[in-house]
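Please have the structure open while reading.

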Amino acid sequence: MIQRIQTLYLALVVLLGVLLCCFAPVGFVSVEGAEQFHQYTASFSHIVDITNPEEPLRVMNIISLSILSVTIPLVALITIFLFKKRILQARINIVNVVLCIGWYAVLAVYIWFAKTNLHTDWYLTPWAAIPLVNLVLTMMATRAILKDEALVRAADRLR
């Protein structure tokens with residue numbers, strides 16, 4: 001199991017996915033005047049006003065983005081343990097690729113809602129690139145899985 005390269009790719013997806021759950025992928029800044037400055041960040045389940053550190057204000061619920069952030073590494077972890085069922089493993093990886101693309105779609109919706117409701121400018125943090133890296137790693141794992149399956153089928157034909 002561990003000697004296969006796709007297991008390493010999927011383990012990296014799990015590791016990066018856990019990191020994504022710990023850090024905010026997007027931030028918002030609102031400047032209404034010299035005395036009115038608000039900075040918002042995306043916590044695990046809400047967009048939070050962090051201007052007042054004693055009492056952060058929860059502004060917007062982003063639970064579906066959090067669910068996707070947890071689901072992507074969880075699916076990759078399950079896929080690692082399906083090493084004897086290579087075709088199923090490849091199909092589940094394709095689902096994980098769709099989840100990574102969906103993460104960006106949900107993020108875009110939340111950015112749009114936050115920008116219109118909070119009247120803010122937004123910026124992406126470097127952590128927002130993790131689902132893209134996960135997408136590439138998952139595609140590389142799928143390719144290696146299909147290569148293994150072709151090798152096993154060729155060996156079965158030779159017998």
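Contact here means heavy atoms within 4.5 Å. The model is predicted.

Two packed helices are described by the angle between their axes and the distance between the axes. The table gives both values for two helix pairs.

| Helix pair | Angle between axes | Distance between axes |
|---|---|---|
| α1 and α2 | about 155° | 8 Å |
| α2 and α3 | about 165° | 9 Å |

Helix α1 covers residues 5-22, and helix α2 covers residues 63-80. An angle over 145 degrees counts as roughly antiparallel. α1 and α2 are therefore roughly antiparallel to each other. Their crossing is left-handed.

Which residues meet at this contact? From α1 come T7, L10, A11, V13, V14, G17, V18, L20 and C21. They meet S69, V70, I72, P73, A76, L77, T79 and I80 in α2. By class, the contact of α1 with α2 holds 13 nonpolar and four polar residues, with no charged ones.

**Helix α2 against helix α3**

α2 and α3 are likewise described as roughly antiparallel, therefore running in roughly opposite directions. The crossing of α2 past α3 is left-handed.

On the α2 side, the contact uses I63, S64, L65, L68, S69, T71, I72, V75, A76, T79 and I80. On the α3 side, it uses Q89, I92, N93, N96, L99, C100, G102, W103, V106, L107 and Y110. Sorted by class, the contact of α2 with α3 has 14 nonpolar residues, eight polar residues and no charged residues.

**Helix α3 and its end**

Helix α3 has 33 residues, 86-118. At 1.5 Å a residue, α3 should therefore span 48 Å. Its end C-alpha atoms are 47 Å apart, which agrees. Just after α3 comes H119, with a positive phi of about 55°.

**An aromatic pair**

How many aromatic pairs does a search of the whole structure find? The search finds three. One of them joins F23 and W127. Their rings are stacked, at 4.2 Å centre to centre and with 10° between the planes. The pair links distant parts of the chain, 104 residues apart. F23 sits in the loop between α1 and β1 (26-31). W127 sits in the loop between β5 (121-124) and α4 (130-158).

Technical notes. Residues are numbered from 1 along each chain as its sequence is written. This is a predicted model: local features need pLDDT of at least 70, side-chain atom pairs count only at pLDDT 80 or more; totals for chains, interfaces and linings use all residues. Side-chain values use heavy atoms; hydrogens and water are left out. Axes are lines fitted to C-alpha atoms, for helices over the stretch in contact, and angles run from 0 to 180 degrees between N-to-C directions. Helices (H or I, at least four residues) and strands (E, at least two) are DSSP runs, numbered from the N terminus. Angles under 35 degrees count as roughly parallel, over 145 as roughly antiparallel, 65 to 115 as roughly perpendicular and the rest as oblique. A crossing is left-handed if the near helix is turned anticlockwise from the far one by less than a right angle, and right-handed if clockwise. Ala, Val, Leu, Ile, Met, Phe, Trp, Tyr, Cys and Pro count as nonpolar, Asp, Glu, Lys and Arg as charged, and the others, Gly among them, as polar. The expected span of a helix is 1.5 Å times one less than its number of residues. Rings of Phe, Tyr and Trp (its six-membered ring) pair if their centres lie within 6.5 Å; planes under 30 degrees apart count as stacked, over 60 as edge-to-face and the rest as tilted.
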